[in-house]
Amino acid sequence: MPDEAKTLWKRLLSGPTIDFYVGEERRHWSLHRNLLCHHSPYFESEFLDTAPPKAYKRSELDLPDQDPAGFELLVKWLYQGTLDDTSDMTDEKKYDYSVACHKLYLLCNKFDIPNLKNESIDRYRQGLLEAQLVPDADEINDIYRSSPTGSPFRKLMAQIAARQIMDPDSDKNAESYRNCFKDNPDFAVDMVNAIKEGTGGILFDDPTDGDEDAYHEDTTPRLNSKGKGI
């Protein structure tokens with residue numbers, strides 16, 4: 001490591017620390033303030049008074065709505081500069097790690113750390129690919145609902161659902177995602193757009209042409225199951 005980088009690293013790991021309490025169980029981490037502020041303008045605004053002389057605004061932060069698994073990945077990235085290597089993990093652990101990466105994404109969105117936000121969605125996709133698993137309808141619903149409007153994660157969830165519907169070997173259909181449509185009004189729009197993109201512009205047959213009986217109702221007389229009265 002060059003001397004300049006060593007000097008910067010030494011400065012980032014010096015000075016006061018901030019106590020974080022994450023999730024309902026209030027898992028605790030104590031992190032260096034200088035390191036936090038170096039990576040995030042959100043932390044600067046929370047912990048530093050910009051007017052000279054710079055004052056120490058607060059010494060702790062409660063995050064009851066955030067997930068400790070995602071925060072643990074944030075801590076590793078802050079102090080190690082990278083995320084875990086998942087190549088030796090089991091498929092189940094790879095999937096769990098992917099889930100944690102979505103939680104990390106939400107934290108990065110909150111804390112304004114765009115580089116790590118991009119890496120977290122990359123790791124999420126990588127974990128699913130390696131494990132050959134995708135979230136089920138309930139998980140897609142939760143992820144879509146918890147992700148910000150316009151988030152790439154919303155696009156990803158809609159595309160995963162669309163691919164499942166389009167897959168001839170899958171038993172999924174639109175009914176499988178009824179709760180997604182109900183809980184997230186934009187999900188249906190995103191999924192239909194994903195299907196359009198996924199079909200590569202293939203046009204359906206013209207529904208106004210062809211078999212004239214295709215849209216007829218059944219006019220066969222119905223038998224009275226109760227029979228005639230006496």
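**The largest pocket and its surroundings**

Author: Helix H8 gives the most to the lining of the largest pocket, contributing five residues. The model is a predicted one. Two elements, helix H6 (114–131) and helix H8 (152–166), each give two or more residues to this lining. The volume of the largest pocket is about 410 Å³. Its lining consists of Arg125, Leu128, Leu129, Gln132, Leu133, Val134, Leu156, Gln159, Ile160, Arg163 and Gln164. Sorted by class, these are six nonpolar, three polar and two charged residues.

The second largest pocket holds about 160 Å³ of space. Helix H5 supplies the largest share of its lining, five residues, and the elements that give two or more residues there are H5 and helix H7 (137–146). The residues lining the second largest pocket are Tyr95, Val99, His102, Lys103, Leu106, Tyr124, Glu139, Asp142, Ile143 and Ser146. By class, five of them are nonpolar, two polar and three charged.

The largest nonpolar core has 52 residues, of which Phe20, Phe43, Phe71, Phe111 and Met157 touch the most other members. Helix H5, spanning residues 91–111, gives the most to this core, with ten residues. Apart from neighbours within four places in sequence, Phe43 is in contact with Phe20, Leu36, Cys37, Leu48, Leu61 and Phe111. In soluble globular proteins, nonpolar side chains tend to be buried together.

Key:
Residues are numbered from 1 along each chain as its sequence is written. This is a predicted model: local features need pLDDT of at least 70, side-chain atom pairs count only at pLDDT 80 or more; totals for chains, interfaces and linings use all residues. Side-chain values use heavy atoms; hydrogens and water are left out. A nonpolar core is a set of buried Ala, Val, Leu, Ile, Met, Phe, Trp, Tyr and Cys residues joined through side-chain atoms within 4.5 Å. Buried means under 20% relative accessible area, exposed over 50%, partly exposed in between (1.4 Å probe, protein chains only). Helices (H or I, at least four residues) and strands (E, at least two) are DSSP runs, numbered from the N terminus. Contact means heavy atoms within 4.5 Å. On a 1 Å grid over the protein atoms alone, a cavity is a set of points where a 1.4 Å probe fits but cannot get out, and a pocket is an open set with protein on both sides within 12 Å along at least five of seven lines; lining residues have an atom within 4 Å of a point. Grid points are joined across faces, edges and corners, and a volume is the space filled by probe spheres set on the points. Ala, Val, Leu, Ile, Met, Phe, Trp, Tyr, Cys and Pro count as nonpolar, Asp, Glu, Lys and Arg as charged, and the others, Gly among them, as polar.
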